[in-house]
Amino acid sequence: MTGNQNGIDMAPEPRGPKHKKDMTRRKVVVAGAGAVAAVAAGGAVVATASADTTGRTKATPAGSATASAGEECYRLTSETTEGPYYIDADKIRQDITEDKEGIPFTLRVKVIDSESCAPIRNAAVDIWHCDALGLYSGYESFSEGGGTAPTDAPSGTPSDAPSGAPTGEPPSGGGGGGGHEEPTSDTRYLRGTWKTDKKGFVTFRTVFPGWYRGRCVHVHTKVHVNGEWTEAGYEGGTTCHTGQFFFDEEAVLTSAEVEPYSTSTTERTTLDEDTIYDGSGTQGGLLKLKYRENDIAQGVTGTITVGVDPDATNTGTDG
């Protein structure tokens with residue numbers, strides 16, 4: 001929610017308990033009252049929720065059961081592991097930057113039913129990722145210094161690795177488990193939840209992620225459906241997708257020339273070396289990126305269509 005060199009996961013054994021949250025009782029705490037309306041990119045279109053007689057907001061495909069003319073119907077987007085740093089109390093917000101430094105990054109996601117290609121509206125989309133130097137909010141104490149954070153894709157433990165630290169998640173890219181770690185701080189930067197609009201779109205404003213030992217540059221995501229949007233946040237429903245978004249090497253190398261990324265002393269894992277990315281392009285979570293090649297510091301926009309099965313449950317915590 002989700003790089004370093006050599007594709008080796010160097011983190012130690014998990015200390016925290018297994019993540020066994022009951023998603024039917026999922027509740028998200030709102031950051032400020034009335035922050036549940038979904039706004040389309042640019043803030044021009046505000047989506048409204050349709051409620052049934054119980055007041056429950058449904059996350060259902062909008063429009064016809066067939067794809068509109070010219071729209072490509074994507075296959076199911078790859079499921080991946082949740083990782084050890086998910087916090088099930090993210091703020092309902094589109095701008096998750098807080099005060100973190102880094103290249104401005106706009107992430108625009110479209111969620112569709114992979115079978116019918118119809119957009120899914122009123123879904124809750126979570127994203128979370130590390131900062132420019134590889135740190136996750138809530139888990140700064142896990143840092144090993146020099147911009148290095150524990151990895152979530154272990155494939156072995158080096159002889160000089162500290163003992164008693166978490167190993168994180170296994171190298172499987174297909175939704176394997178991994179021990180969930182309890183947060184060690186109250187920070188929640190670079191984490192947030194927002195609602196898809198009637199066309200299935202959701203947009204977040206954040207910073208371009210950095211990297212940490214054992215993983216390429218990535219963003220974690222979850223899609224929750226059939227829950228209820230209330231003044232208190234998003235409650236209930238199921239998690240139909242747990243995945244990660246990835247960045248092409250050219251963009252990452254260009255970002256590495258800009259501060260604070262350029263100050264990192266952490267060895268970086270490339271996209272091809274990563275043990276989570278399955279190499280399938282868009283289906284595997286590879287973002288389409290737009291930016292000025294000679295001035296990436298001005299900002300990057302990433303877009304992707306995520307195909308999900310709204311009737312499935314994919315929490316990314318199964319061992």
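Predicted model: local features only at pLDDT ≥ 70, side-chain atom pairs only at ≥ 80, totals over all residues.

Trainee: OK. Which residues have the most contacts inside the largest nonpolar core?
Mentor: Leu107, Phe208 and Phe247 do, in a core of 43 residues. Among the elements that give two or more residues to this core are strand 3 (104–113), strand 4 (124–128), helix 1 (249–255) and strand 12 (300–308).

Trainee: And what is Phe247 in contact with?
Mentor: Leaving aside neighbours within four places in sequence, the contacts of Phe247 include Phe105, Phe208, Val219, Val252, Leu271 and Leu289. His218 and Pro209 are also in contact with Phe247.

Trainee: What about a second core, what does that include?
Mentor: The second core is separate and has 9 residues, including Tyr86, Ile87, Cys130 and Tyr136. In soluble globular proteins, nonpolar side chains tend to be buried together.

Trainee: Stepping back, how many helices and strands does the protein have?
Mentor: There is 1 helix, and there are 12 strands. Going from the N terminus, the order is β-β-β-β-β-β-β-β-β-β-α-β-β.

Trainee: How much of the protein is buried?
Mentor: Of the 319 residues, 56% are buried. The exposed surface comes to about 13000 Å², with 48% of it supplied by carbon and sulfur atoms.

Trainee: Which strands does strand 4 pair with?
Mentor: Strand 4 pairs with strand 5 in the antiparallel sense, over 5 bridges. Strand 4 and strand 7 also run antiparallel and are joined by 5 bridges.

Trainee: Who sits across from whom?
Mentor: On the strand 5 side, Ala124 has Lys195 as its bridge partner. On the strand 7 side, Thr221 is opposite Ile127.

Trainee: New topic. How many aromatic pairs are there in the whole structure?
Mentor: The search finds 10. In one of them, the ring centres of Tyr136 and Tyr212 are 5.5 Å apart and the planes are at 70°, so this pair is edge-to-face.

Trainee: Why does the pair tie together parts that are 76 residues apart in sequence?
Mentor: Because Tyr136 lies in the loop between strand 4 and strand 5 (191–195), while Tyr212 lies in the loop between strand 6 and strand 7.

Trainee: Are those two buried or exposed?
Mentor: Tyr136 is buried, at 2% relative accessible area. Tyr212 has 0% relative accessibility and is buried as well.

Trainee: Which cluster do they belong to?
Mentor: Tyr136 and Tyr212 are linked by ring pairs into a cluster with Tyr85 and Tyr139.

Trainee: What kind of aromatic pair do Trp229 and Tyr234 form?
Mentor: A tilted one, with 4.7 Å centre to centre and 55° between the planes. Trp229 and Tyr234 are both buried.

Trainee: Last thing. Which rings have a lysine over the face?
Mentor: Tyr189 has Lys100 over its face, at 4.2 Å from the ring centre. Lys222 lies over the face of Tyr86, at 5.0 Å from the ring centre. Tyr86 is also one of the residues in the second core.

Notes:
Residues numbered from 1 in each chain as written. Heavy atoms only, no water. Helix = DSSP H or I, 4+ residues; strand = E, 2+ residues; numbered from the N terminus. Buried < 20%, exposed > 50% of the residue type's maximum accessible area, 1.4 Å probe, protein only. Areas by Shrake-Rupley, 256 points an atom, 1.4 Å probe, with all protein chains shown as cover. Core = buried A, V, L, I, M, F, W, Y, C linked by side-chain atoms within 4.5 Å. Contact = heavy atoms within 4.5 Å. Phe/Tyr/Trp six-rings, centres within 6.5 Å; stacked < 30°, edge-to-face > 60°. Lys NZ or Arg CZ within 6 Å of the ring centre and 35° of its normal. Pairing = 2+ DSSP bridges.
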